[in-house]
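Subject: Structure handover

Hello,

Here is the structure for your files. My notes on it follow below.

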Amino acid sequence: MLASKQKAPENRNYITLFRTFADKVEINLEDKVKECRLKDNLCRMCPRCVLFGAVSTEGGRGADRWNIKHRIEYSSAYSIEPYERISELITFNAVNPATQSTGQALGYTENVRPIANFPSVITLNSVTWHELLWYLKTLMATKSYGAETRVKGDTVNYIVGIVAGFEEVITPLELNLELCDAAWQVDPIGTVHEILKKYASEASSVDVVKVLEPDEVKKVVKGIKKFEVDNEFIEEFAKIAKDFHNRASGIA
Ligand SMILES: [Zn+2]
């Protein structure tokens with residue numbers, strides 16, 4: 001599963017969820033934030049632009065052309081199940097209008113069979129607590145991945161581990177290889193915890209790595225699901241992004 005295919009829907013959902021909640025708690029966002037769109041109309045002042053990055057779209061000489069670098073890292077994820085078991089070729093046919101019979105196969109699409117698992121690692125760089133919370137909320141809310149999302153690409157995200165440190169502690173490929181060798185189905189969170197502890201002990205600065213215990217992971221997930229998004233939260237979240245924009249553009 002390509003990193004870009006993971007990032008795009010989460011990027012869109014992150015701001016959609018933010019605007020929807022702003023509406024719900026009756027916060028009137030700035031017009032530029034309301035109109036912020038991928039990929040040619042990024043406002044550079046909303047929480048999405050500040051985390052996922054934004055490239056200036058203003059043209060002309062002397063235009064205000066500064067960009068925001070993203071602080072979120074994705075890598076392509078690989079299925080735990082072997083390719084042969086989850087790959088499926090589906091042919092499509094042409095219907096003959098005279099006889100209504102299907103003729104020869106016109107072509108085929110390659111599909112992933114249901115119930116395939118793609119362990120992924122996403123790294124957030126120097127995030128605020130608002131951003132951590134909002135990103136995890138987005139992750140849990142995002143279900144449609146892939147180009148043909150009307151009919152394909154449905155995915156459910158489960159958070160099975162959280163680790164913090166000054167570096168990326170484990171890559172998706174490493175996580176995948178470890179899981180392939182483990183009986184993870186019985187207790188995915190416990191299994192990932194053991195794997196994270198092993199990789200944390202190999203980090204370049206072991207003292208600053210923190211692996212959340214399985215119970216803590218469950219608590220975080222539950223807490224985020226139950227977190228009450230009020231107008232104070234939305235206002236503060238919007239303001240931090242706006243302040244960043246002002247500092248970066250030299251207004252403040
Ligand atoms: Zn924006």
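Lysine 197 is partly exposed, at 39% relative accessibility. Here buried means under 20% relative accessible area, exposed over 50%, and partly exposed in between (1.4 Å probe, protein chains only). Lysine 197 pairs with glutamate 194 in a salt bridge, with the closest N and O atoms 3.7 Å apart. A salt bridge is a side-chain nitrogen of Lys or Arg within 4 Å of a carboxyl oxygen of Asp or Glu. Glutamate 194 is also partly exposed, with a relative accessible area of 48%. Helices (H or I, at least four residues) and strands (E, at least two) are DSSP runs, numbered from the N terminus.

A word on provenance. This is a predicted model, in which local features need pLDDT of at least 70, side-chain atom pairs count only at pLDDT 80 or more, and totals for chains, interfaces and linings use all residues. Residues are numbered from 1 along each chain as its sequence is written, and side-chain values use heavy atoms, with hydrogens and water left out.

Other salt bridges

The salt-bridge count comes to seven. Side chains of opposite charge can pair when their charged atoms come close. One of the seven joins lysine 239 to aspartate 243, at 2.8 Å from N to O. Both residues lie in helix H9 (residues 231–249), four residues apart, about one turn of the helix. Aspartate 243 is partly exposed, at 27% relative accessibility.

Arginine 113 and glutamate 88 form another salt bridge, with the closest N and O atoms 3.6 Å apart. Arginine 113 is in the loop between strand S3 (102–112) and strand S4 (123–124), while glutamate 88 is in strand S2 (residues 87–95), so this pair ties together parts that are 25 residues apart in sequence. Arginine 113 is partly exposed at 36% relative accessibility. Glutamate 88 is partly exposed at 28%.

The zinc site

Which residues coordinate the zinc ion? The donors are the SG atoms of Cys36, Cys43, Cys46 and Cys49, at 2.3 to 2.4 Å. Donors are N, O and S atoms within 2.8 Å of the metal (3.2 Å for Na, K and Ca); water is not among the atoms, so sites may look incomplete. The four donor atoms subtend angles of 103 to 117° around the zinc ion, which makes the arrangement tetrahedral. Four donors count as tetrahedral if all angles lie between 85 and 135 degrees. In sequence the donor residues follow the spacing C-x6-C-x2-C-x2-C.

Cysteine 36 is buried, at 0% relative accessible area. Cysteine 46 is buried at 1%, and cysteine 43 is buried at 8%. A search of the whole structure finds zero disulfides (a disulfide being a pair of cysteine sulfur atoms within 2.5 Å).

Surface patch

Tyr78, Leu173 and Leu177 form a nonpolar patch on the surface, with about 300 Å² of accessible area together. Patches are made of residues with over 30% relative accessible area and no salt bridge; like charges are joined within 9 Å, nonpolar side chains (Val, Leu, Ile, Met, Phe, Trp, Tyr) within 5 Å. Accessible areas come from the Shrake-Rupley method with a 1.4 Å probe; for residues, only the protein chains shown count as cover. Leucine 177 lies in helix H6 (residues 172–180).

Overall

The chain has nine helices and six strands. Its C-alpha trace spans about 70 × 55 × 35 Å along the principal axes. Of its 252 residues, 36% are buried.

Best wishes

Note on methods:
Tetrahedral: all angles 85-135°; square planar, octahedral: opposite > 155°, others 65-115°.
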